[in-house]
Every structure is written in structure tokens, then in C-alpha cells.
Amino acid sequence: MRSRKTIINTIFSLLEDFVAIVCSFILPKLILSHFGSAYNGLTSSISQFLACAVLLRAGIGGATKAALYKPLVDHNKKEIDSIVKATDIFMKKIGLILAFFIVCFATIYPVFVQSDFSWLFTFTLFIIIGISTFAESFFGITYLIVLQADQRLYISSIIKVISYILNITIASVLIINGFGIHIVKLGSAFAFTLYPVILSLYVKKKYKFNRNVEPNNKAISQRWDAFWHQVADFVNANTDIMVLTIFTNVFEVSVYSVYNLVIQGLKRFITAFTQGVDAAFGDMIARNEKKALKENLSVIELIVYSVSTLLFTSAIILVLQFVQIYTKGINDVDYLRPNFAYILLIAQFFYAIRLPYQFIVHAAGHFKQTKKYAMVEATLNIVISIILVIKFGLIGIAIGTLIALMYKTVMFSNYVSDNIIHRSKLVTFKKCFVSILEAILIIIIYKTINFPIHINYLNWIINAISVVLISFVIIICGNLLLYKEDMKNLYKKFKNIVHIR
């Protein structure tokens, strides 16, 4: 049953991420074409600054999910209701504080871009973009957490897909018909505000929570330990653009945002393969199924390492070609930055392969034990990025991200090996080494084949399909040769799922 739920969540998550990726490339392209790089850099920068405010709710998701696994397994409705009520009360308070911080950020932020945009222009745009951020915290987060813990995330994915399609439709129509950026973003705010509202209505009807129970604040007491883990994730996702905004200009932010579109697309695709895995791990830990936990971690590692190697190696080969096509005709800044692109992609590879270990840590509720790693990671990223951005610009930012992500990946892997599943630390290093060899072999084979030189979308798609096929064959051969047992277990799981009646 766990496997079936995981597969269902994965399928709908892939659908959500496919729609999100397509939309994420269309809208910035329209903004670049109709408004220019400065406007694209401004909207990207505002979105990242808004993520600072989202830190207020950091920690509550992981703590609530960890607390819900056991009562969900035991069908203890009273305990579930009390945990949900405690979370909802907390999130309502956070929503109000978040609204205050959005106004504060909107007041201060225009100072950083005053050479390009007026204070009033930026202030009002900030408030408009912040509407959906507030709505998500105030109405939706509590109920999203419930679906995640109960392995029903596919419901959220369906609603999110509707929001994405509605957003891109409204925004595209407004841009093409000549409306200003404020009206365009107001249309987007409307589309994304529907998501938390519909989500909350569905979950309340489905689970029929008893609002008269006493809130169990003790159950979510780990939220402050979990907070530091989400701070580190926030830093890795948002520090780059924030540092670029402060120390460079909106044009460099625009360059970063174009490459970040590729990065976010890859990350979304990889996380889609692991949707519901943390809840499945939580279920195993709640049932004390140690053997199943170790076996399933090994299978998830196989999937994540294989998909990550395929995607990030392909991206290293194809990213400059894509950016060249995507920014064709936009000449107000140089978008071709190969060294920056390669370093950033390698950095995000380490983020991707960390996911299985992060899921286990969170599912086990080991937030307090591992928060020091999160704090060091955040510090490394901020300090190194600020030091290097002044001299090296975008490349300095990428180096800071790479060092921070490598550190936390190694520390989480070691912690899981020593304290949760009890295996040799060398397992992770072996998997990384194999991935590196596979990537080198893929690049060598690609370089020896004559692909179309004239770059347009058609040739790029031909190149992309070829690279993915080469990568797939090499990685599958490597898996069959080096990970026979894991491949057998993976095949058994899919076979069992297919034969479920």
C-alpha cells in the first residue's frame, strides 16, 4: 500500500512539475521580451526577498509531519485533531506576522533598486507579489502538511496544476494585450491564492477535524529545531539572488534567474520522483521496520543518484545552447556564462543526492541532532558568497553554493549511516564516484559525435534527446553491473504495484 501511494504521488507530482516547468519558462520569456531584463530581474529579486518572510513558518512543516506519522498509523483521530489544531493556530499567527513583514520588506526593498525604478513603483509591485505568499501561509500550509503526512500529496498536485494553468493563461493574455507589470502580477496573485483556499476546503471536508479538542503544542515542540533545517534550505535557494541584488545590479540578477529556471526545473523533476518518500520512511520508522527502511533507502538512492546523474550531466552539455536560444534578441546583458553555469549545476547535483538522507532524518524527527549541520551550511553559503561575489561576481556566488551543499550532503549521509540505518559511510562515496565516472563517459561520447552546430529549438531538442538516451544507456548499464541487488528490489516493487488489484 505504501509503494502504491508513493507511485500515485510521484505520477501526479511529475504532472505538477511538468506544468510548472513549462509555465516557469514561458512567463519569464514573455517578461523579458515585452518588458526587458531589468523588469525580469526586479520580479525575480522580489520573489526571492519574499522567501525571507516565509522563514517565519520554517520548521512547522517538518515537526508536524514527524508528529503525525504515529497517530496516522494508529488511526488515533483525537491525537491527529489536536496536532492539526496546534499547527493551525500557530500558522494563523504566523500569517498575520508575515503580512506585517511583507509591508516592511516592501518599504525597504525599493532602496536597493532606486537607480532603476521609483520607490512607489517597486513598493506596490512588492505588495502585489506578496499577496499569494500571505494566502498560502494563512490558509493552506496546515492542510498541505496533513496531506503530506498521510501520503495523499496528489490532491495538492491536482489543485496546483489548475493554479499554474490559470496563472499562465491570465498573465499571457494580459502581457500580450499590453497591460503593465502590476496588472500582470495581480492576475498571478489571484490564480495562486485560489490554491490554498481550495486546498483548505477539501482537507477540512475530507478529514472532518474536531475543532473543540485541546491543541497539542508539545507534539510540534521540535519546530524550532526543524526551523534551522529550513533556514539552510532557504539560504541555498535564496541567498544567491539576494547577494547579487545588494552587491551587483538587476541585470546580473536577470542572468542568474535565467539559469535558475533550468536549475529549478531539474530540482522539481528530481523531487517529483521522491514525493511521498519521506512519509513512507516515517511510516516504516513508526512501525519499527528497520530492515524495510534500510532496503528502501538503498532503492531510493539508486533512483535519485541515477536520475540526478542523467539530468545534471545532460544539463551541463545542453544549458549554454538553451540559454543562447532562450535569450536570442535580448542584448542588454551577456547571458552566456559557461563557468558559472557548470559550477552551479554541479552544486545542485549535491543538493539532489542529499534528498534520501534528508528524508530519513526528517522522518525520524532528528531535527535537534542535525541542526548544527544546517547552521554551518547556511553560514558557509552566506559568508563565502559575499566574499567572492565582489571579485568574481556570479562565479563567486556559485562557488559559495557548491561548498555549502557539499558540506551538508556529506554530513547528512554520515549521520544517517552512523545513527539510523547503521551501515558503512563508504557506500555514499562509492555512489558519488560511480556518478562522476558515468558523467565523464557521457560527456566524452557526446563530444565524439557530430551534432547539429546551428542552434535553434529543433536542433536543441534533437541534441537533448540524443544526450538523454546516451546518458540513460550508460547509467542503466552501470546500475546492472554495480547495483544488481538494488535493481532486483526495484523491479520487485514495480512488479508488486502493477499486480495490485
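Tyr154 is partly exposed in this predicted model, with a relative accessible area of 21%; the class lies between buried, under 20% relative accessible area, and exposed, over 50% (1.4 Å probe, protein chains only). The model being predicted, local features need pLDDT of at least 70 and side-chain atom pairs count only at pLDDT 80 or more, while totals for chains, interfaces and linings use all residues. Residues are numbered from 1 along each chain as its sequence is written, and side-chain values use heavy atoms, with hydrogens and water left out.

**Aromatic contacts**

The structure holds 18 aromatic pairs. Rings of Phe, Tyr and Trp (its six-membered ring) pair if their centres lie within 6.5 Å; planes under 30 degrees apart count as stacked, over 60 as edge-to-face and the rest as tilted. One of these pairs joins Phe12 and Tyr154 in a tilted arrangement, 5.9 Å centre to centre with 40° between the planes. Because Phe12 belongs to helix α1 (residues 2–34) and Tyr154 to helix α6 (residues 153–176), the pair ties together parts that are 142 residues apart in sequence. Helices (H or I, at least four residues) are DSSP runs, numbered from the N terminus. Phe12 is partly exposed, its relative accessible area being 28%.

A further residue of helix α1 is Thr10, which is buried at a relative accessible area of 9%. The C-alpha atoms of Thr10 and Tyr154 are separated by 7.9 Å, although the two residues are 144 apart along the chain.

Which arrangement do the rings of Trp119 and Phe123 adopt? Their centres are 4.8 Å apart and their planes stand at 10°, so the pair is stacked. Trp119 and Phe123 are four residues apart in helix α5 (residues 119–149), a separation of about one helical turn. Trp119 is partly exposed, at 41% relative accessibility. Elsewhere, ring pairs link Phe35, Tyr39, Phe117 and Phe121 into a cluster.

Charges also sit over rings, a contact that requires NZ of Lys or CZ of Arg within 6 Å of the ring centre and within 35 degrees of the ring normal. Lys29 lies over the face of Tyr326, at 5.5 Å from the ring centre. The charged end of Lys267 is placed over the ring of Tyr351, 4.2 Å from its centre.

**Salt bridges**

Side chains of opposite charge can pair when their charged atoms come close. The structure holds six salt bridges, each defined as a side-chain nitrogen of Lys or Arg within 4 Å of a carboxyl oxygen of Asp or Glu. The table gives three of them.

| Asp81 | Lys77 | 2.9 Å |

Salt bridges that share partners join Arg354, Glu377 and Lys408 into one network.

Glu252 counts as buried at 15% relative accessibility.

Asp81 and Lys77 both lie in helix α4 (residues 77–108), four residues apart, or about one turn of the helix. Asp81 is buried, at 5% relative accessibility, whereas Lys77 is partly exposed, with a relative accessible area of 41%.

**Cysteines**

How many disulfides does the structure hold? The count is zero, a disulfide being a pair of cysteine sulfur atoms within 2.5 Å. Cys432 counts as buried, at 14% relative accessibility, and Cys477 is partly exposed, with a relative accessible area of 47%.

**Nonpolar surface patch**

Ile108, Phe112, Ile246, Phe247, Ile382, Val383, Ile386, Ile387 and Ile390 form a nonpolar patch on the surface, with about 810 Å² of accessible area together. Patch members have over 30% relative accessible area and no salt bridge, and nonpolar side chains (Val, Leu, Ile, Met, Phe, Trp, Tyr) are joined within 5 Å; accessible areas come from the Shrake-Rupley method with a 1.4 Å probe. Helices α8 (223–247) and α13 (367–392) each supply at least two residues of the patch, and the largest share, five residues, comes from α13. Phe247 lies in helix α8 and is partly exposed, its relative accessible area being 40%.

Conventions:
Patch = residues over 30% accessible without salt bridge, like charges linked within 9 Å, V, L, I, M, F, W, Y side chains within 5 Å.
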